Amino acid sequence: MRRAAASVLALAAVLALPASASAAKGEKVTVMTRNVFLGADLSPAINATTIEGAIDGSGQIYNELVSTNFPERAVPLAKEINEAKPDLVGLQEVADWTTQVPSDIGGPPINPNGQAASDPLYDFLALLNAQLGNKYRVVGTQDEFEAELPADTDGSDATGGFAGADRDVRLKMRDVILARKGVDTSKLDMDHFKTRFETSVGSVPVAADRGWLSVQAKVGDAKFRFVNTHLEAFGDPKIREAQAKELVAGPLKTKKQVVLVGDLNSGTTKRHNIGRPELGHDPDDPLAFKVLQKAKFTDNGAVQSCCYKSMFDPTLELTHTVDHVLSKPGLKSTGEFVTGNDPAERTPSGLWPSDHGGVVSTLTVP
């Protein structure tokens, strides 16, 4: 009887070995964070001290947007994603640009009495989806900062309306999560940060909404929370720090497995080359990243993913990291790499796919 019981126990132990080995090995999950670049630098309008200056700045933004040609850039961006085959993708700066001709001197929030521009110009998500085909689906879209300005696109006050405005241009920023075909997702959640960058455009107060979105994901036998975010790029670095603290107290507050991706506009000087004055970086840029380090997140991303000062210069290199893949509990990662940093990936007219590179990381999720 004792020998029979011992045999049963021994058999049970043998049968349990493959399952234990499999559980220890874990499931390979590939994730990607990709800032696709909204198409123009907003500084000419944000830094304007008068409404006339803001109209001129908006004209510069519009002309840069046209020159950076997202319909063309969407092709290599989609190719990056399809070739890397990430299970989940966090996209930032997925802009939706609309216009209106003639100008009625802008729409909300800068001119509450104006009509919001609604004629399609560039819907980045629709253009990228058209290139991705049916391999990925949109899991969630978080609307962020939205504003509209009149624009003097030809630089002449003699044409158009007030201060030469010949059209209105409206920008809606969005962050997006994509899932590869076959990946299960549920419990979509999103919110805006309470801490915001606040400024004025031509003496009119403007606040920039940013936030996060998350889903519960299942890849094979692996289950985890996937969070995508884009922390503030402008203003005091303490804004980013406060937003990172909101993340830790919000969607990242879980004892279960969580993977965070996004453009944090922050990193540690030692690992990520942040805080280099010769590159125009603020020495306090590590603040937000250190919040996540303190919260015990593990760095699973590749370094050097940012940023090209010119979309047209093939000699430029990515020199520092603000785009991250992080995990808690810390996961082992393999095959980390950056996309969008090879001159061969540039478009036929000579554009980089984005001013950022994409960061891809394969994680072993138990």
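This briefing describes salt bridges in the structure above and where their partners lie. The model is a predicted one, and a search of the whole structure finds 9 salt bridges. Side chains of opposite charge can pair when their charged atoms come close.

**Glutamate 80 and arginine 34**
- The side chains of glutamate 80 and arginine 34 meet in a salt bridge, with an N to O distance of 2.8 Å.
- Because glutamate 80 belongs to helix α4 (residues 70–84) and arginine 34 to strand β1 (residues 27–35), this pair ties together parts that are 46 residues apart in sequence.
- Glutamate 80 and arginine 34 are both buried, a term that here stands for under 20% relative accessible area.

**Lysine 172 and aspartate 143**
- A salt bridge also joins lysine 172 to aspartate 143, and the closest N and O atoms of the two are 3.9 Å apart.
- This pair links distant parts of the chain, since lysine 172 sits in strand β6 (residues 167–180) and aspartate 143 in strand β5 (residues 136–151), 29 residues apart.
- Aspartate 143 is partly exposed, its relative accessible area being 33%.

**Aspartate 209 and arginine 196**
- Between aspartate 209 and arginine 196 there is a salt bridge whose closest N and O atoms are 3.0 Å apart.
- Aspartate 209 lies in the loop between β9 (204–208) and β10 (211–219), and arginine 196 in the loop between β7 (184–192) and β8 (197–201), so the pair ties together parts that are 13 residues apart in sequence.
- Aspartate 209 counts as partly exposed at 22% relative accessibility, and arginine 196 likewise counts as partly exposed at 32%.

Methods:
Residues are numbered from 1 along each chain as its sequence is written. This is a predicted model: local features need pLDDT of at least 70, side-chain atom pairs count only at pLDDT 80 or more; totals for chains, interfaces and linings use all residues. Side-chain values use heavy atoms; hydrogens and water are left out. A salt bridge is a side-chain nitrogen of Lys or Arg within 4 Å of a carboxyl oxygen of Asp or Glu. Helices (H or I, at least four residues) and strands (E, at least two) are DSSP runs, numbered from the N terminus. Buried means under 20% relative accessible area, exposed over 50%, partly exposed in between (1.4 Å probe, protein chains only).
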